[in-house]
Amino acid sequence: MGIFHEFKQFTIRGSAVDMGVGMVLGAAFSGFIDSLVTDLLLPPIGVLYSSMNFENMFISLDGLFYPSLAAAKEAGAATINYGLFLTAFIRFVIILFAVFLVVRQMNRWKKPHQHPLDGLTKKECPYCCLPIPPRAVICPHCSSSLEEQKNSSRTRGTTWKIK
C-alpha cells in the first residue's frame, strides 16, 4: 500500500483517537507550519508567478482597484481574500500530512505484526457472548477454550460405521 493511498484512507476514515491526536499535534505544529508555508514555500511560488504576494491576492467587491489588501481594508471595501485562503489551505494540507505520518508511525509501534483493521473487528464468544479479538483461542472474559468448540462442531452429527 503506497503512502499516498494510505494518506487518502486516513483522511477519509479517521477514528476519534486519530482526530484527537491530530488536533493536539496540529496545535503544536501550527507555529512551525505557519513559518514553513509563509517564509519558505510561498515566496518561491510567488516568484514563479511574477513576484506575486499571496497575501495581496484579493477581489474588491466595490469595483475599485486597491494596491494592497491593507489599503482595501483601510478604505472599508469588502473583499474576497482568495490569497489568504490559499495560504491557509496549504498550511492545512501540510499539517494534515504531518499528523498522518505521526499517527501512522504510532500505529506501527503499537502492533507492528497486526493489520490496523484487525484491531477494529471483533467476534463474539459463543459461551459468554462478549466481544473478543478475531484470532483469540481462549476467551479473556470466561476462559473458555474456543478451539474445542471449533473441533466439536466438526465432529457433530451422525457417524456411520461400516462393517
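Colleague: Which residues do ring pairs link into a cluster?

Modeller: This is a predicted model, in which local features need pLDDT of at least 70, side-chain atom pairs count only at pLDDT 80 or more, and totals for chains, interfaces and linings use all residues. Residues are numbered from 1 along each chain as its sequence is written, and side-chain values use heavy atoms, with hydrogens and water left out. Rings of Phe, Tyr and Trp (its six-membered ring) pair if their centres lie within 6.5 Å; planes under 30 degrees apart count as stacked, over 60 as edge-to-face and the rest as tilted. The cluster linked by such ring pairs consists of Phe-4, Phe-97 and Phe-100.

Colleague: How many aromatic pairs does the structure hold, and why is the pair of Phe-4 and Phe-97 classed as it is?

Modeller: The structure holds 2 aromatic pairs. In the pair of Phe-4 and Phe-97, the ring centres are 6.3 Å apart and the planes stand at 20°, so the pair is stacked.

Colleague: Where in the chain do Phe-4 and Phe-97 lie, and how many residues apart are they?

Modeller: Helices (H or I, at least four residues) and strands (E, at least two) are DSSP runs, numbered from the N terminus. Phe-4 belongs to helix H1 (residues 3–12) and Phe-97 to helix H4 (residues 82–110), so that the pair links distant parts of the chain, 93 residues apart.

Colleague: Is the pair of Phe-97 and Phe-100 stacked or tilted?

Modeller: Both residues lie in helix H4, 3 residues apart, about one turn of the helix. Their ring centres are 6.0 Å apart and their planes are at 40°, so the pair of Phe-97 and Phe-100 is tilted.

Colleague: Is Phe-100 buried or exposed?

Modeller: Buried means under 20% relative accessible area, exposed over 50%, and partly exposed in between (1.4 Å probe, protein chains only). Phe-4 is exposed at 61%, and Phe-97 is partly exposed at 25%. Phe-100 has a relative accessible area of 2%, and therefore it is buried.

Colleague: What pattern does the protein chain follow along the sequence?

Modeller: The secondary structure comes to 5 helices and 4 strands. Read along the sequence, these elements give the pattern α-α-β-α-β-α-β-β-α.

Colleague: What share of the residues of the protein chain count as buried?

Modeller: The protein chain has 163 residues. By the cut-off already given, the share that counts as buried is 19%.

Colleague: Which residues does Thr-38 touch, not counting residues up to four places away in sequence?

Modeller: Thr-38 is found in helix H2 (residues 16–48) and is partly exposed because its relative accessibility is 26%. With contact meaning heavy atoms within 4.5 Å, Thr-38 touches Pro-43, Glu-55 and Arg-91.

Colleague: Where does Tyr-127 lie, and how far is its C-alpha from that of Leu-146 in space?

Modeller: Tyr-127 lies in the loop between strand S3 (123–124) and strand S4 (131–132). Tyr-127 is partly exposed, because its relative accessible area is 46%. Tyr-127 and Leu-146 are 19 residues apart in sequence, and their C-alpha distance is 9.1 Å.

Colleague: Is Ile-59 buried or partly exposed?

Modeller: Ile-59 is found in strand S1 (residues 59–60). Its relative accessibility is 43%, and therefore Ile-59 counts as partly exposed.
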